[in-house]
Amino acid sequence: MNNFESPVTRQTPAWQLPLVIGGIVLLAGILAFVITGNSASTPAAVPTVVPTVETAPGHGDPANSPPAPTISVAEAYQRWQAGQVMFVDMRAGEAYQAGHLPGALSLATPDLNQRLAALTPGGIIVTYGDASRPTAGQRGAQIFRDLGYGPVAALDGGIEAWQAANLPLEQP
């Protein structure tokens with residue numbers, strides 16, 4: 001074949017184009033998941049709990065929401081023994097892993113919404129923080145209340161008050 005002859009054209013099979021497009025879409029989805037850390041498979045019927053207090057503009061802000069009630073360590077402990085409390089740890093994951101109130105849920109608990117919805121009648125959601133973020137428990141209680149969970153209260157004194165009373169902690 002010399003330089004003036006046209007080359008033989010190959011015809012691409014019809015199945016290759018959808019395969020290439022599908023592969024690109026799949027890679028884009030994986031890349032989006034890795035970058036954002038979110039999954040598009042969350043059912044629309046299940047409300048999404050705010051992962052951190054700071055990402056809830058308007059919720060838990062004292063200027064936009066009245067203070068949530070507080071609960072003493074003694075009353076929280078008594079309600080816990082009666083099976084009428086669900087603790088929610090508002091601290092960072094590392095602090096939660098180091099030790100938390102018995103049965104406490106982390107904000108990162110995958111089924112947090114379902115667990116909170118299963119609260120026994122007469123029960124209360126008690127949020128708490130620690131000395132490094134002393135308002136976290138109060139703000140957490142405000143957020144859960146504003147999102148329609150209830151009744152809610154913030155643990156007075158946070159995890160340090162619980163520890164000062166020599167009450168049990170749990171390790172994951």
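The legends below describe close-up views of one predicted model.

Residues are numbered from 1 along each chain as its sequence is written, and side-chain values rest on heavy atoms, with hydrogens and water left out. As this is a predicted model, local features need a pLDDT of at least 70 and side-chain atom pairs count only at pLDDT 80 or more, whereas totals for chains, interfaces and linings use all residues.

**View 1. Confidence along the chain.** The chain averages a pLDDT of 76, and 62% of the residues score at least 70, pLDDT being the predictor's confidence in each residue on a scale from 0 to 100. Over residues 38-60 the pLDDT is below 50, although this stretch has 37 contacts in the model beyond near neighbours in sequence, a contact meaning heavy atoms within 4.5 Å. Where pLDDT is low, the predicted coordinates should not be read in detail.

View 2. Strands (E, at least two residues) and helices (H or I, at least four) are DSSP runs numbered from the N terminus, and two strands pair if DSSP finds at least two bridges between them. β1 pairs with β5 (residues 152-155) in the parallel sense over 2 bridges, and the bridge partner of Ile-71 in β5 is Leu-155.

**View 3. Helices on the sheet.** Together, β4, α5 and β5 make a right-handed β-α-β unit, where right-handed means that, with the strands pointing away from the viewer, the path from the first strand over the helix to the second runs clockwise.

View 4. In β4, 5 of the 5 residues are buried, buried meaning under 20% relative accessible area, against over 50% for exposed and in between for partly exposed, with a 1.4 Å probe and protein chains only. Ile-124, Val-126 and Tyr-128 point one way from the strand, while Ile-125 and Thr-127 point the other way. β4 is joined to β2 in the parallel sense by 5 bridges, with Phe-87 standing opposite Val-126. β4 also pairs with β5 in the parallel sense over 3 bridges, and there the bridge partner of Thr-127 is Ala-154.

View 5. β2 and β3 pair in the parallel sense over 2 bridges, Val-88 having Leu-105 as its bridge partner in β3. From β2 the chain crosses through helix α3 (residues 93-98) to β3, in a β-α-β crossover that is right-handed.

**View 6. Aromatic pairs.** The whole structure holds 5 aromatic pairs, counted for rings of Phe, Tyr and Trp (its six-membered ring) whose centres lie within 6.5 Å, with planes under 30 degrees apart taken as stacked, over 60 as edge-to-face and the rest as tilted. The ring centres of Phe-87 and Trp-162 are 5.3 Å apart and their planes stand at 75°, so the pair is edge-to-face. Phe-87 lies in β2 and Trp-162 in helix α6 (residues 158-164), so the pair ties together parts 75 residues apart in sequence. Phe-87 is buried, with a relative accessible area of 1%, and Trp-162 is likewise buried, at 0%. A further edge-to-face pair is formed by Phe-144 and Tyr-149, with centres 5.7 Å apart and planes at 80°, and both of these residues are buried. Tyr-77, Trp-80, Phe-87, Tyr-128 and Trp-162 form one aromatic cluster.

**View 7. The surroundings of Ile-159.** Ile-159 is found in helix α6 and is buried, with a relative accessible area of 4%. Leaving aside neighbours within four places in sequence, Ile-159 is in contact with residues including Arg-91, Gly-99, His-100, Tyr-128 and Leu-169. Ile-159 and Arg-91 are 68 residues apart in sequence, and their C-alpha atoms are 9.8 Å apart in space.
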